[in-house]
Amino acid sequence: MENEVQQRVLRVIGEVLGRKADEIRLDASIRDDLQLDSLNQMTLFILLEDEFQRSILPEQVTGLVTVKDIIDFIAGKIQEPSTT
């Protein structure tokens, strides 16, 4: 299941960046490597909410630095009961 989560997260990130999912490294920094500003980050997390049908609060994502951090976070979120 984690691989499915990873593929879906990478696809959404690729959508925001206008890149293919296979061009995105797991160790890439959201800000430094992917150059996502705060607006693009907000867009990313809104799309991830839609993709995984889970609420994501701004304070939950402040410590997420890399693509792998986002994947791990989402994998944890889908273990929780859906509230949306």
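**Stop 1: the core.** Select Val5, Val9, Ile13, Leu48, Val67, Ile70 and Ile74 in this predicted model. They belong to the largest nonpolar core, a set of 24 residues, and they touch the most other members. Now colour by helix. Helix H1 (2-17), helix H2 (38-52) and H3 each supply at least two residues of this core. H3 gives the most, with six residues.

**Stop 2: leucine 48.** Stay in the core and centre on Leu48, one of the residues that touch the most other members. Which residues does leucine 48 contact, once neighbours within four places in sequence are left aside? Show Val9, Val12, Gln53, Ile56, Ile70 and Ile74.

**Stop 3: the whole chain.** Zoom out and switch to cartoon. The chain has three helices and zero strands. From the N terminus on, the order is α-α-α. The radius of gyration is 12 Å, close to the 12 Å that the globule rule gives for 84 residues, so the chain is as compact as a globular protein of that length. Draw the principal axes: the C-alpha trace spans about 30 × 25 × 20 Å along them. Colour by accessibility next. Buried residues make up 36% of the 84 residues.

**Stop 4: the largest pocket.** The largest pocket holds about 350 Å³ of space. Select Gln41, Met42, Phe45, Pro58 and Val61: of the 16 lining residues, these are the closest to the pocket centre. What is the make-up of the lining, by nonpolar, polar and charged residues? It divides into 10 nonpolar, four polar and two charged.

**Stop 5: glutamine 41.** Pick Gln41 out of that pocket selection. Glutamine 41 sits in helix H2. Is glutamine 41 buried or exposed? Its relative accessibility is 15%, so glutamine 41 counts as buried, the cut-off for buried being under 20%. Now show its partners. Not counting residues up to four places away in sequence, glutamine 41 touches Ile30, Arg31 and Leu36.

**Stop 6: glutamine 35.** Move to the loop between H1 and H2, where glutamine 35 is found. Check the backbone: phi is near 60°, a positive value in a residue other than glycine. Glutamine 35 counts as exposed because its relative accessibility is 59%, and exposed means over 50%.

**Stop 7: glutamine 53.** Return to Gln53, already displayed as a contact of leucine 48. Where does glutamine 53 lie? Its place is the loop between H2 and H3. Glutamine 53 is not a glycine, yet phi is positive here too, at about 55°. Its relative accessibility is 46%, so glutamine 53 counts as partly exposed.

**Stop 8: lysine 77.** Finish on helix H3 (residues 67-77), which includes lysine 77. Is this lysine 77 side buried or exposed? With a relative accessibility of 7%, lysine 77 counts as buried because the value is under the 20% cut-off. Display Arg54, Ser55 and Gln60 around it. Lysine 77 is in contact with these residues, leaving aside neighbours within four places in sequence.

Key. Residues numbered from 1 in each chain as written. Predicted model: local features only at pLDDT ≥ 70, side-chain atom pairs only at ≥ 80, totals over all residues. Heavy atoms only, no water. Helix = DSSP H or I, 4+ residues; strand = E, 2+ residues; numbered from the N terminus. Buried < 20%, exposed > 50% of the residue type's maximum accessible area, 1.4 Å probe, protein only. Contact = heavy atoms within 4.5 Å. 1 Å grid on protein atoms, 1.4 Å probe; cavity = no way out; pocket = protein on both sides within 12 Å on 5 of 7 lines; lining within 4 Å. Points joined across faces, edges and corners; volume = space filled by probe spheres on them. Nonpolar A, V, L, I, M, F, W, Y, C, P; charged D, E, K, R; others polar. Core = buried A, V, L, I, M, F, W, Y, C linked by side-chain atoms within 4.5 Å. Rg over C-alpha atoms; globule rule 2.2 N^0.38 Å.
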